[in-house]
Amino acid sequence: MPDPFQSLRGIGDATAQRDVLMANCTTWKVGGPARFMVRAGSVGAVGETIKVAGDLGLPLLVLGRGSNILVSDRGFDGVVLCLVGGLATVRADGELLVAGGGALLESVVVEACDSSLCGLEFMFGIPGTVGGAVIMNAGAYSHWTAEVLAEARTVNEDGGERRYQRFDGKYRQALVPEGEIVTQATFHLVADSVELIRERMNEMRDRRRANQPLGMASAGSVFKNPPGAHAGYLIDRCGLSGRRVGGAVVSEKHANFIVNRGDATASDIRQLMGLVSGEVRSRSGIQLELEVKLVGFESG
Ligand SMILES: Cc1cc2nc3c(=O)[nH]c(=O)nc-3n(C[C@H](O)[C@H](O)[C@H](O)COP(=O)(O)OP(=O)(O)OC[C@H]3O[C@@H](n4cnc5c(N)ncnc54)[C@H](O)[C@@H]3O)c2cc1C
């Protein structure tokens, strides 16, 4: 049996590390160690990582900015794959904006603005990556990633490259088949003046500042909005704002956010999620569905 770390270190155009604390890689700032982390800078390196992890019998987790996941305190006993370098670049090409799967949404929105391209302002302030946005169909203020996505390129579980150009944009549902790794997205935008685009970006930022506990560690909305209702409203109506488990607290500013006071564990957050969904179910009969992804838990 080859030494797993040596095999991962042998992947071209990538770097590998051992025992990387996931608390340092997620916006909730919780989570135990990942056994291995590979930072891949090309599609070839992604394909090779899939193959090496498969040969070693290790599960693979693609990580963007870690702004929509809860990693357990035990961590992840496998390979965490991050997209960097050539897979995190952004460039404008006429009315198209081409971005690597690992590019931060903030740099994508700023590049669009600098290139006088409008359509991505709604993403301003969503602290994720392009890959995470395609997987979550990230959206805000009645706009969604699917609306502006012209093409997504992926690598599938066999290491084969795929391209998609039609998207069935459902609320918080992946825009590419499950298990595929988003390496690039092309957005189709519209020309507009830089001043107007910047104005709309500032408007988005101000709305977020007014309604979200931005100074505290969180993963944004914990639960999906059920059809015709707002999860935050349902949670608040049950008197759960301010409810605590250990260092995890239901935000009093936005009840669908669970914030880390600074000393929360993933277990605190998981327990508080259970408490909230249990109360909402028993008081309103509505079963809330998690928006955040669970990693390293028995049920996730
Ligand atoms: C303060 C705050 C505000 C937020 N506001 C919003 C909002 O307004 N709207 C909204 O939609 N979300 C919001 N979010 C949630 C989050 O930012 C989005 O869901 C974002 O799209 C997640 O991107 P990420 O790169 O952080 O993904 P991660 O959290 O790293 O991963 C999420 C999932 O996507 C998968 N994934 C990540 N990258 C790839 C890839 N390249 N290929 C395949 N799979 C991949 C992961 O495996 C995981 O299953 C907010 C979060 C915070 C902390």
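A residue is near a molecule or strand if its C-beta atom, placed from the backbone, lies within 6 Å of it.

1. Basis of the note. The structure is a predicted model, in which local features need pLDDT of at least 70 and side-chain atom pairs count only at pLDDT 80 or more, while totals for chains, interfaces and linings use all residues. Residues are numbered from 1 along each chain as its sequence is written.

2. Ligand shell. The ligand is surrounded by 32 residues, of which Gly64, Gly128, Gly131, Gly132 and Gly220 are the closest. By class, the shell holds 16 nonpolar, 14 polar and two charged residues. Here Ala, Val, Leu, Ile, Met, Phe, Trp, Tyr, Cys and Pro count as nonpolar, Asp, Glu, Lys and Arg as charged, and the others, Gly among them, as polar. At least two shell residues come from each of strand 3 (60–63), helix 4 (130–136), strand 9 (139–140) and strand 13. Helix 4 gives the largest share, five residues. Helices (H or I, at least four residues) and strands (E, at least two) are DSSP runs, numbered from the N terminus.

3. Overall architecture. The chain contains eight helices and 18 strands. Its radius of gyration is 19 Å, close to the 19 Å given by the globule rule for 300 residues, so the chain is as compact as a globular protein of that length. The radius is taken over C-alpha atoms, and the globule rule is 2.2 Å times the number of residues to the power 0.38. Along the principal axes, the C-alpha atoms fill a box of roughly 55 × 55 × 30 Å.

4. Of the 300 residues in the chain, 45% are buried. A residue is buried if 20 or more other C-beta atoms lie within 10 Å of its own, exposed if 12 or fewer, and partly exposed in between, with C-beta atoms placed from the backbone. Among contacts with a separation of 6 or more, 66% join residues 24 or more positions apart; a contact requires C-beta atoms, placed from the backbone, within 7 Å.

5. Four strands form an open sheet in the order 1-2-5-3, with mixed pairing; two strands pair if DSSP finds at least two bridges between them. Strand 1 and strand 3 are the edge strands, each pairing on one side only. From one strand to the next, the twist averages 30°. Axes are lines fitted to C-alpha atoms, for helices over the stretch in contact, and angles run from 0 to 180 degrees between N-to-C directions. Seven bridges join strand 1 to strand 2 (residues 33–40) in the antiparallel sense, with Phe36 in strand 2 as the bridge partner of Arg18. Helix 2 (residues 43–56) lies across strand 1, strand 2, strand 3 and strand 5 (76–83), at about 150° to strand 2.

6. The ends of strand 1. Leu21 belongs to strand 1 (residues 14–21) and is partly exposed, with 16 other C-beta atoms within 10 Å. Its C-alpha atom is separated by 6.2 Å from that of Ala34, 13 residues apart along the chain. Asp13 sits in the loop between helix 1 (4–9) and strand 1. Asp13 has a positive phi near 55° without being a glycine, and is partly exposed, with 17 other C-beta atoms within 10 Å.

7. Strand 7 and its partners. Four of the five residues of strand 7 (residues 96–100) are buried, so this strand is largely enclosed by the rest of the structure. Strand 6 (residues 90–93) runs antiparallel to strand 7, joined by four bridges, and Val90 has Ala99 as its bridge partner. The two strands form a hairpin with two residues between them, and Gly94 in the turn has a positive phi of about 65°. Strand 7 is also joined to strand 13 (residues 181–188) by five antiparallel bridges; Ala99 is partnered there by Ala185.

8. Strands in the order 15-16-17 form an open sheet with antiparallel pairing. Strand 15 (244–245) and strand 17 (258–260) stand at the edges with a single partner strand each, so one side of each lacks a neighbour in the sheet. Two bridges join strand 15 to strand 16 (residues 248–250), and Arg244 stands opposite Val249. Helix 8 (residues 266–284) packs on this sheet, touching strand 15, strand 16 and strand 17, and its direction makes about 30° with that of strand 16.

Conventions: Two residues are in contact if their C-beta atoms, placed from the backbone, lie within 7 Å.
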